Amino acid sequence: MSDFPWLLTMIAVPAVGGAVVAALPRGRDAQAKVVALAVSLVVLVLAVLATVAFDVGGERFQLATSVSWIPAFGVDFALGVDGIALVMLLLIGVLVPVVVVASWRDTGPGGRPMKAYFAWLLVLEAMMVGVFVATDVFLFYVFFEAMLVPMYFIIGSFGGPRRQYAAVKFFLYSLLGGLVMLASVIGLYVVSNSQLGEGTFAFDALRQLEIDPGVQKLLFLGFFIAFAIKAPLVPFHTWLPDSGAEAPIGGGVLLVGVLDKVGTFGFIRYCLPLFPDAARDFAPYVLVLAVLGIGYAALLAMGQSDLKRLVTYTSIAHFGFIALGVFAFTTEGGTGAVLYMVNHGISTGLLFLVVGMLIARGGSRQIGDYGGVATKAPLLAGVLLVAGLASLALPGTNSFVSEFLVLIGSFPTWPVATVLATVGIVLAALYVLLMVQRTMHGPARGLVLEKPGAFRDLGRRELVVVAPLIALVIGLGVYPQPLLALIDPAVAATMVDVGSDPAGTEPVTAEPTSEQGAD
Amino acid sequence: METVPATGLLAASWLLIALPLAGAAVLLLGGKRTDRWGHLLAIGTVVAAFVLAVASTVQLSGLTTKSVGVELFTFISTGQLDVTAGLLYDPLSAVFVLLITGVGALIHVYSVGYMAHDPARRRFFAYLNLFVAAMLLLVLGDSFVALYVGWEGVGLASYLLIAFWYQRPAAATAAKKAFVMNRVGDVGLALAVFVMFVQLGTTSYAGVLGSVGLLAGGTVTALGLLLLLGACGKSGQFPLQAWLPDAMEGPTPVSALIHAATMVTAGVYLIARSAPVFDASPTARTVVLVVGAITILIGAVAGCAFDDIKKVLAWSTVSQIGYMFLAVGLGPVGYVAAIAHLLTHGFFKAGLFLGAGSVMHGMGDQTDMRRFGGLAGRMKTTFVTFGLGYLALIGFPFLSGYWTKDAIIEAAFDRGGVSGYLLGGVAVLGAGLTAFYMTRLMLMTFAGRPRWEDGVHPHESPAVMTAPMVVLAVGSVAAGFLLVEVFPLADWLAPVFGAPEEATAHVVPPLAVSVLVTLVVAVGVLVAWLFVGRREVPVVAPERVSLPVRAARNALYADTVNETVFMRPGMWLTRALVYVDNRGVDGLVNGIGAGLGGSSSRLGRTQTGFVRSYALGMLGGAVLVAAALLAVAS
């Protein structure tokens, strides 16, 4: 079964599906949806089967496929997954069908037909799969950039009133990051050429390189800046609230839930193993950004009057936790960070979706327009609360496990930063519960009074959307070990690359001086 | 302490948690279909858990090793961290399980009557079941992580139940306040868990508490103080006491179960469970003592000034838990005393709250005692059961409070030296104040002329409500005597805290303490009679009052401090940051963008062509950078 080209199929199926949807005659929106749902469900099944085929105790990269692509530059179309990439595939597999169903009744701005939207969703899925399974750095770069195109059109054509501004801003930021990364990718090629005799982009070869510390720093920064924009870390974050707020809900879920994870995935997949010395040198500065981001974004989330912007700011705070876990250089912290990526996709995806359901009823993104929604739609209020509790990492929800692991794994390396980050859990409680109280509690007021008929409780389709995510929030909160077992070996291998003892909590990197610098 | 694998019924301890949890799940997922019988299912699960708890405890008492472990599954395992989901059934957890399921079952029954007319009764019982499950996990977990999960689980249940009537802004705000202030404490508990893992590589009770000796003195103290922070949040102790009285916005059975008998005593459980940590750090223990002593007074003083019957009882709870903190702060001599007082307090305070609920039930949900008066004749059962709870609380000789509170006061004096007299003095003073405010409450509610609002027709509550009150009243009368003289709690808990020490030379003879406390209590009662009982109670609270009274009415300004120090500056900071982020950080970026690519509004209008040219520019730039790199590399 492991000979089957799982990964190639997982890229090809949605890509072809997207083309099929695009090729449907005008006015066939209904068929477009059905095809999109079918294709995305096939990808989910493929992701599950690939997981079954994956040998947890086996080699680092499995299910590999490699075809020579541009021989002149040693570029291969090389695919493969480790546990880290695999769990991201599962996340994509779950989220895309959910998003398709969630977008079922959406209408494009100005009555624009939705066919293209579903086509772009499938293309985006193909690109997202590609970016996580590429084991050739150049190929990774290609997917990294190509991913922008479908999202650009999803935001720019199907978003809110300021969609074009938001789409261009999204594109420019990402492109800027991509540009800097491309420079580093080429730089890596150059170094491999001089060290190995022939240039290569193969990840496995590149991580064996012994790169001069000065060059390492430059190359690290190229990757890091691209990922820090993508993730995003404060102060590279200002594009996300605009994009997230203007994106249609489905696009927003994939943007915050998956696309942004490419940044944090990049930290752990590329920044750490390829440039271990530079990663250690820069870690204190990254930590400052991470911890700053946790507090800053949480306070900003509290201060937002726009529901969707609020959700994006909570995400920025969460990305701070993920960065903290990655740059802790411990297996616990790294595993926690990867699990955090999955969990955040689920819980913030749920939050975004239910916020979207609220906005669909009221027709406004302003928190101040709502109040007492729970009196009309108790189920909706309950789901919002569950999503919010997952966002504030309540034990029993999936996010608790990842946040706990990130913090407990960072504590040995960066005690002061961890203490500061832990204080962030109070802020998380505040921004979540403030939002719940302002929109759901109290007597009905604002739009809830003005449009009494609009605030029906969740319908059957909406329940189908939220039910699987709620099941995952609680299921992974109680029994996260299956995912941890997948992630742990890959993170431990990364720790070996970076020179940390994968088994030890006492990381070799914890130099007291650099610790001071972080705080 | 050795732990043996569970056999027989004890191996099924997980059912204790699973039963109420399943009840909550059925009620929440079942929707309206379960409206008719949902509350019965909820009661059934808790009663079944109680029966199981009794049987398990009987089995435990027959074992030679009274510490039984149940391993369930691997919760988290990565790197060096290995957290097994497991339970620990030992004498300490057993008494808590009995208290939680026993009082929990009574309050479930009571709620059938109390919530009979509420359209959301099913949701109420679901949350109540959820609470019982989380609380049982808290006391049964075999590691600090399991405790933490239960700890925040009860916090969630508390939030849901305080905000049960979410349409009321005050309830929604109180719920949020409770959750957030608890989270402040939770930061301490979380950090304590991190310290344990980093220092000892484990978070299980067996691993941590058995190896406290390996830790440096400073680390142990830090650990103790972090745990204490968590305990203060959950138990409404200084400086995190302000949320508990506000929590009275929840339905009264919730106040009885969660905010009096069980959840708020979790802090005492945490400290008692972590006894080896506090035994190893005199500093941490001293801080516990100070916190307890301060809170005794804060609670008692505030309790004297409020007119809302539930708030007086809430401040009384704050104050009584202060006694328990004081006791655990005294060390080995105090642990048993603290748990004993926790148990008797669980009986009489739950009974008092249920009585208050019964009064409210008969008075159209009125809570203002200035609008009560003369209820003794109209609500006989409530009056008698409430009165017995009252006598037990103020320490009337030979009732429950007399045995357990006096034991704490004795132990405080026995500490010796100036601090012993100081702490003992505070505890005695607190007893006097307790007598004052509780007598005031009794007189305003049950004695005097009726001051009822128009249209209120006080009536006794139905039997489904009074029956649990009677059972708790019996407990209020007898529990203290039983726990001290008949089935000595000290012997039962000996496997956990060590054998009870032989009576050493007392600083103050116990009899003298008893007499002193009883006298002071009598003075408190008398003063209350002079100020409240002899005079007509004004329907509106007098406004021109002395400074101390005003301070007491404001609960010594804890909310004011929180608002000035944290909330308002936090709000300003948030507003400033939103401005900076929109204008500053984003403006800067947009400005640069505009400088490079023309006006930023043009960015919005131009579309794909623009993007394409940027893509080209990107490639060009990359080639340039690559060329530069090549030059450097070669």
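Which residue takes a positive phi in the hairpin of strand 2 of chain B and strand 3 of chain B? In this predicted model, the residue is Gly79(B), with phi near 55°. The hairpin has two residues between its strands. Strand 2 of chain B covers residues 68-78, and strand 3 of chain B covers residues 81-89. The two strands run antiparallel and are joined by nine bridges. Within this pairing, Glu71(B) of chain B lies opposite Gly86(B) in strand 3. Strand 2 of chain B also pairs with strand 1 of chain B, which consists of residues 4-5. That pairing is in the parallel sense and extends over two bridges. Here Val4(B) is placed opposite Val68(B) of strand 2.

The contact between the two chains was examined next. Chain B contributes 53 residues to the contact, and chain A contributes 59. On the side of chain B that touches chain A, the elements giving two or more residues include strand 2 (68-78), helix 5 (144-162) and helix 6 (169-200). Helix 24 (558-597), helix 25 (600-605) and helix 26 (608-633) of chain B are also among them. The most is given by helix 6 of chain B, with 14 residues. Sorted by class, this side of chain B holds 34 nonpolar residues, twelve polar residues and seven charged residues.

Within chain A, helix 14 (residues 331-362) packs with helix 17 (residues 398-410). The angle between them is about 155°, and their axes are 8 Å apart. Angles over 145 degrees count as roughly antiparallel, so helix 14 of chain A is roughly antiparallel to helix 17 of chain A. The crossing of these two helices of chain A is left-handed. Residues of helix 14 of chain A that take part in the contact include Glu332(A), Gly333(A), Tyr340(A), Asn343(A) and Ile346(A). On helix 17 of chain A, the contacting residues include Asn398(A), Glu403(A), Leu405(A), Val406(A) and Ile408(A). The residues of this contact comprise eight nonpolar, ten polar and two charged.

Two further residues have a positive phi without being glycine. In chain A, Ala393(A) has phi near 60°. Ala393(A) is located in the loop between helix 16 (378-391) and helix 17 of chain A. Ala393(A) has 28 C-beta neighbours inside 10 Å and therefore counts as buried, the cut-off being 20 or more. In chain B, Tyr557(B) has a positive phi of about 65°. The loop between helix 23 (547-553) and helix 24 of chain B holds Tyr557(B). Tyr557(B) is partly exposed, because 13 other C-beta atoms lie within 10 Å, whereas 12 or fewer would count as exposed.

Pro235(A) belongs to the loop between helix 9 (213-230) and helix 10 (239-246) of chain A. Pro239(B) belongs to the loop between helix 8 (217-235) and helix 9 (243-246) of chain B.

Terms used. Residues numbered from 1 in each chain as written. Chains lettered and ligands numbered in written order. Predicted model: local features only at pLDDT ≥ 70, side-chain atom pairs only at ≥ 80, totals over all residues. Axes fitted to C-alpha atoms, helices over the stretch in contact; angles between N-to-C directions. Helix = DSSP H or I, 4+ residues; strand = E, 2+ residues; numbered from the N terminus. Parallel < 35°, antiparallel > 145°, perpendicular 65-115°, else oblique. Left-handed = near helix turned anticlockwise from the far one by under 90°. Contact = placed C-beta atoms within 7 Å. Nonpolar A, V, L, I, M, F, W, Y, C, P; charged D, E, K, R; others polar. Pairing = 2+ DSSP bridges.
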